[in-house]
Amino acid sequence: MQRPPAIIDAHCHLASNRCVPREFFAGVAANMARSSAFQGVPVSVDKITQMLWLQHEDHMGDKLVAQMDEAGIARAVLLVPDFTYVFKSPIDIESIARQHVTVRERHPDRFWVFQGVDPRWGKEGFDLFERAVTEFGFEGLKLYPPCGFSPSSEIVFPLYEICRRHRLPVLVHTGPTSPTLDFTFADPYLIDKAAREFPEVNFILGHGGVNLVEQAKLMCKYRPNVYLDISPFPVVLCDGGWPQHLTSLFAQGLNHKIVFGTDWPVHSLQTGVRPLMDELFSERGPLRALEQRSIDGIFGRSIAELVGKPYGN
Amino acid sequence: MTMERLAQIVNRVVSSPRAPEVRESSRFVEDLGFSSVNAIMLIALIEQEFEIDLEQHMTQLMQIQTVGGAADYISSVAADAK
């Protein structure tokens, strides 16, 4: 087995608390507080929220690029979810977009960016997204339905129309997330109407290889324009752990629809990415039975094709 | 001294009966199986035990790989706090 010519992480984020409202961290902290209390060490939600907040100060992506270099990852897709509508945050989405422009300028050829826009911003948001494509050169759309909308609601269709016109992919979050958000809109099946109405637009089910996997797999099998990513595979709920889960996922004839992603910095801030890559590509790892074409597709070629870019070194 | 006190705290966080012995060279994730919740618990307990505030040290703390590395860092923070 050879590592692909260029590994591309199709799902990661800037670890910057200038991009994510504090309420998002507070939700994550609430679950961690329950767990730590059960283990005999009560820590308040506020304290954990502050700890998480202070861990996210990689505003220019330097730490992320160092991680990528160490792990042998050539390029990554930076996803920019728009939480600003639901949390009424002081952070505005245009500032966040411009921060990602700066990061790209600082690290040339390392990042593609999928801009998020909550469709309830209406025309203002649609115009911002189109500017992000035409002026900033961003490569895709990121949607976060748990903010409170279905990805097949017609309020989202103007964004898909922009994607159709510019031949851009859409990455849609699926599965549970911060408990401060609404999980009912996180079902992979909710992409069905949009995928049917916009057959020229390709949709990637973010976390589809980890959350609600049966639904995600069926969508990928039966909708030609639906894909899934495997982020954040290290935390999948599976008896045999993530290697066994991925071995099974990769054995189901869907590898042409699967793209690799880490979800950095979520879940891997402490471990780093390199140990995960080493285990993935180990001789007894979950790729051991795959032909080289599938490995190349999952770890780079497919996402490059989805964003319409050449693939290689 | 810091190492001994820290090892006791780490043992409290890694409460599994099958947990390996904590050494200076023990890596939090690979050897001790630390999760993100374990890391939060450890930091909270260190603050209590050593009576120091680690909030401003989060970025550095998350980059420390071993128990010995953490002991050295805590010693320097505690010394600065005096």
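The model is a predicted one, in which local features need pLDDT of at least 70 and side-chain atom pairs count only at pLDDT 80 or more, while totals for chains, interfaces and linings use all residues. Residues are numbered from 1 along each chain as its sequence is written, chains are lettered from A in the order in which they are written, and side-chain values use heavy atoms, with hydrogens and water left out.

Remain at A:Cys12 and display A:Cys19, which holds the closest cysteine sulfur; the two sulfur atoms are 12 Å apart, too far for a bond. Over all chains the count is zero disulfides (a disulfide being a pair of cysteine sulfur atoms within 2.5 Å).

Next, select the residues of chain A and chain B that are in contact (heavy atoms within 4.5 Å). Chain B contributes 23 residues and chain A contributes 19. Together the chains bury about 1900 Å², 63% of it on carbon and sulfur atoms; buried area is the accessible area (1.4 Å probe) lost by two parts on being put together, summed over both.

Then select A:Lys47 and B:Glu47. These residues form a salt bridge, their closest N and O atoms lying 2.4 Å apart, and the count between the two chains is one. The term requires a side-chain nitrogen of Lys or Arg within 4 Å of a carboxyl oxygen of Asp or Glu.
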